[in-house]
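The sequence and the structure are shown first, and the description follows.

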Amino acid sequence: NEILRNIFQNLGFGDISDEDLDILVETGDGDKDGKISLADFRNMLPMSGEAGGAEEKPAAAAPEKPKEAEEEAA
């Protein structure tokens, strides 16, 4: 739990209580071994197939210029 506590402190979340750490581990521990393994962590990510994967969004198109701006440029 100290590693997880340090990670949250380094991310700027301040002090995390033991109770909060226990809840975080319990929530993220998919195989219920008391640890968050790499597989558990990957399953928490939105891009993971098992976690309801997020679809990739198309890149936003550049905003169109008003016709008046095009006519002035010509």
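How many helices and how many strands are there in the protein chain? The chain has 4 helices and 0 strands, and along the sequence these elements follow the pattern α-α-α-α. Helices (H or I, at least four residues) and strands (E, at least two) are DSSP runs, numbered from the N terminus.

The model is predicted: local features need pLDDT of at least 70, side-chain atom pairs count only at pLDDT 80 or more, and totals for chains, interfaces and linings use all residues. Residues are numbered from 1 along each chain as its sequence is written, and side-chain values use heavy atoms, with hydrogens and water left out.

**The chain as a whole**

Of the 74 residues, 12% count as buried. Buried means under 20% relative accessible area, exposed over 50%, and partly exposed in between (1.4 Å probe, protein chains only). The chain exposes about 6,600 Å², of which carbon and sulfur atoms supply 54%; accessible areas come from the Shrake-Rupley method with a 1.4 Å probe. Among contacts (heavy atoms within 4.5 Å) between residues at least 6 apart in sequence, 2% join residues at least 24 apart.

**Helix α2**

| Group in α2 | Residues |
|---|---|
| Buried | Leu 21, Val 25 and Gly 28 |
| Exposed, on the face turned away from the buried side | Glu 19, Glu 26 and Thr 27 |

Leu 21, Val 25 and Gly 28 are the buried residues of α2. They lie on the same side of α2 because they cover an arc of only 75° around the axis, the arc being that of the directions from the helix axis to the C-beta atoms. An α-helix has 3.6 residues a turn, so residues three or four places apart point the same way. The cover over the buried residues of α2 includes α1 (2-10) and α3 (38-44).

**The contact of α1 with α2**

The axes of α1 and α2 come within 10 Å and cross at roughly 105°. The two helices are therefore roughly perpendicular to each other, a term for angles of 65 to 115 degrees. From α1, Leu 4, Arg 5 and Phe 8 make the contact, and from α2, Asp 18, Leu 21, Leu 24 and Val 25. By class, this contact has 5 nonpolar, no polar and 2 charged residues.

The loop between α1 and α2 holds Gly 14, which is partly exposed, with a relative accessible area of 32%. Leaving aside neighbours within four places in sequence, Gly 14 is in contact with Phe 8 and Gln 9.

Key. Axes fitted to C-alpha atoms, helices over the stretch in contact; angles between N-to-C directions. Parallel < 35°, antiparallel > 145°, perpendicular 65-115°, else oblique. Nonpolar A, V, L, I, M, F, W, Y, C, P; charged D, E, K, R; others polar.
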